[in-house]
Amino acid sequence: MASIHIEFDVEADCGQAWQVIGDWAAGPVRMAPGFVLACEATGDVRVVRFADGFVARERLISRDESDCRIAYSLIGDSARPEHDNAVMQLAAEGPQRCRFRWTRDVLPDEAAGPLRAAMQEAAPIIKSALENSTVG
């Protein structure tokens, strides 16, 4: 199983950033505007529509407020990877600074290349959105 790991610092309050990351229904659009076009959630399943035309159906695995951690899996048709589980987590590193960690485990291993590229493309968009977000 391939494991992908991306992390970066965010110049924002961890609690404020978590309000975006931890928002199951609207988080994807809020954290990656323009990269993600829409997100519709019904219970623990959401459908995320990306600017490149990709549509992901995802199931919430766990959401931990105290650890600022959300885990989800890609589910759906046979065109998807056999296994795709992702975790996003924030860790406070000061009053206006936190660390964003995004890991993804996928099968088959060959699926990791395109997924890693998409995550690397999304990372600066997420960083910018979290640093410029306002909760209110």
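Modeller: Two strands pair if DSSP finds at least two bridges between them. This model is predicted.

Biologist: How many bridges join strand 3 to strand 4?

Modeller: Strand 3 covers residues 45–50, and strand 4 covers residues 55–64. The two run antiparallel. V48 stands opposite A56 in strand 4. The number of bridges joining strand 3 to strand 4 is 5.

Biologist: Which residue in the turn between strand 3 and strand 4 has a positive phi?

Modeller: Strand 3 and strand 4 form a hairpin. Between them lie 4 residues. A phi of about 100° belongs to G53.

Biologist: Which residue of strand 5 stands opposite D64?

Modeller: Strand 5 spans residues 69–75 and runs antiparallel to strand 4. The two are joined by 7 bridges. They also form a hairpin with 4 residues between them, where C68 in the turn has a positive phi of about 50°. Opposite D64 stands R69.

Biologist: What pattern does the chain follow along the sequence?

Modeller: The chain has 3 helices and 7 strands. Read along the sequence, the pattern is β-α-α-β-β-β-β-β-β-α.

Biologist: Why is the chain as compact as a globular protein of that length?

Modeller: The globule rule gives 14 Å for 136 residues. The chain is as compact as a globular protein of that length because its radius of gyration is close to that, at 14 Å.

Biologist: What percentage of the residues is buried?

Modeller: Buried means under 20% relative accessible area. The chain has 136 residues, and the buried share is 40%.

Biologist: How far apart lie the centres of the positive and negative side chains?

Modeller: The chain has 14 positive side chains and 21 negative ones. The centres of the two sets are separated by 2 Å.

Methods:
Residues numbered from 1 in each chain as written. Predicted model: local features only at pLDDT ≥ 70, side-chain atom pairs only at ≥ 80, totals over all residues. Heavy atoms only, no water. Rg over C-alpha atoms; globule rule 2.2 N^0.38 Å. Buried < 20%, exposed > 50% of the residue type's maximum accessible area, 1.4 Å probe, protein only. Lys, Arg positive; Asp, Glu negative; His and termini not counted. Charge placed at Lys NZ, Arg CZ, Asp CG, Glu CD.
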